[in-house]
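Biologist: I would like to learn how to read a model such as this one, feature by feature. Could we look at it together?

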Amino acid sequence: MINEWISILDDMPLRDPGYEQCSVNVKALLQDGSEIIAYYAEDNAVWYNYHASKRIKDGQIIAWKSL
């Protein structure tokens, strides 16, 4: 399990085997320092807030780590 933050410029989360285009859920670090549970949709290159099912604006997520 990864305990360190990984920059989204360095790597992206692994794809969830149950979904064709979505990553596994991860803890995401936002620019303002807050943390949320999120996933990445590869088909449209967009992050989504897991609990709100809302798209996260480009540039808001700066890093992620495994749950």
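Modeller: Let us begin with two tyrosines, Y39 and Y48, both of which are buried, a word that stands for under 20% relative accessible area, whereas exposed stands for over 50% and partly exposed for what lies in between, with a 1.4 Å probe and protein chains only. This is a predicted model, in which local features need pLDDT of at least 70 and side-chain atom pairs count only at pLDDT 80 or more, while totals for chains, interfaces and linings use all residues. Residues are numbered from 1 along each chain as its sequence is written, and side-chain values use heavy atoms, with hydrogens and water left out.

Biologist: How many aromatic pairs does the structure hold?

Modeller: Rings of Phe, Tyr and Trp (for Trp, the six-membered ring) pair if their centres lie within 6.5 Å, and planes under 30 degrees apart count as stacked, over 60 as edge-to-face and the rest as tilted. The structure holds 2 such pairs. In one of them the ring centres of Y39 and Y48 are 5.5 Å apart and the planes stand at 15°, so this pair is stacked.

Biologist: Which residues make up the largest nonpolar core?

Modeller: In soluble globular proteins, nonpolar side chains tend to be buried together. A nonpolar core here is a set of buried Ala, Val, Leu, Ile, Met, Phe, Trp, Tyr and Cys residues joined through side-chain atoms within 4.5 Å. The largest one has 11 residues in all, namely I6, V26, A28, L30, I36, A38, Y40, W47, I56, I61 and W64. At least two residues of this core come from each of β2, β3 and β6 (61-66), where strands are DSSP runs of E with at least two residues, numbered from the N terminus.

Biologist: What does I6 touch beyond its neighbours in sequence?

Modeller: Contact means heavy atoms within 4.5 Å. Once residues up to four places away in sequence are set aside, I6 touches D11, I62, A63 and W64. Leaving out neighbours within four places, S23 is in contact with P13, L14, R15, D16, Y39 and Y40.

Biologist: How many salt bridges are there, and which parts does the one between R15 and E42 tie together?

Modeller: A salt bridge requires a side-chain nitrogen of Lys or Arg within 4 Å of a carboxyl oxygen of Asp or Glu, and the structure holds 2 of them. In the bridge of R15 with E42, the closest N and O atoms are 2.6 Å apart. R15 lies in the loop between β1 and β2 and E42 in the loop between β3 and β4, so the pair ties together parts that are 27 residues apart in sequence. R15 is partly exposed at 45% relative accessibility, and E42 is partly exposed at 32%. The other bridge joins E35 and K27, with 3.7 Å between the closest N and O atoms.

Biologist: Which value does the phi of A45 take?

Modeller: Most residues other than glycine have a negative phi, and most peptide bonds are trans. The phi of A45, however, is positive, near 50°, and A45 is found in the loop between β3 (35-41) and β4 (46-49). S53, likewise not a glycine, has a positive phi of about 55° and belongs to the loop between β4 and β5 (54-56). A45 is partly exposed at 44% relative accessible area, whereas S53 is exposed at 55%.

Definitions and conventions
Helices (H or I, at least four residues) and strands (E, at least two) are DSSP runs, numbered from the N terminus.
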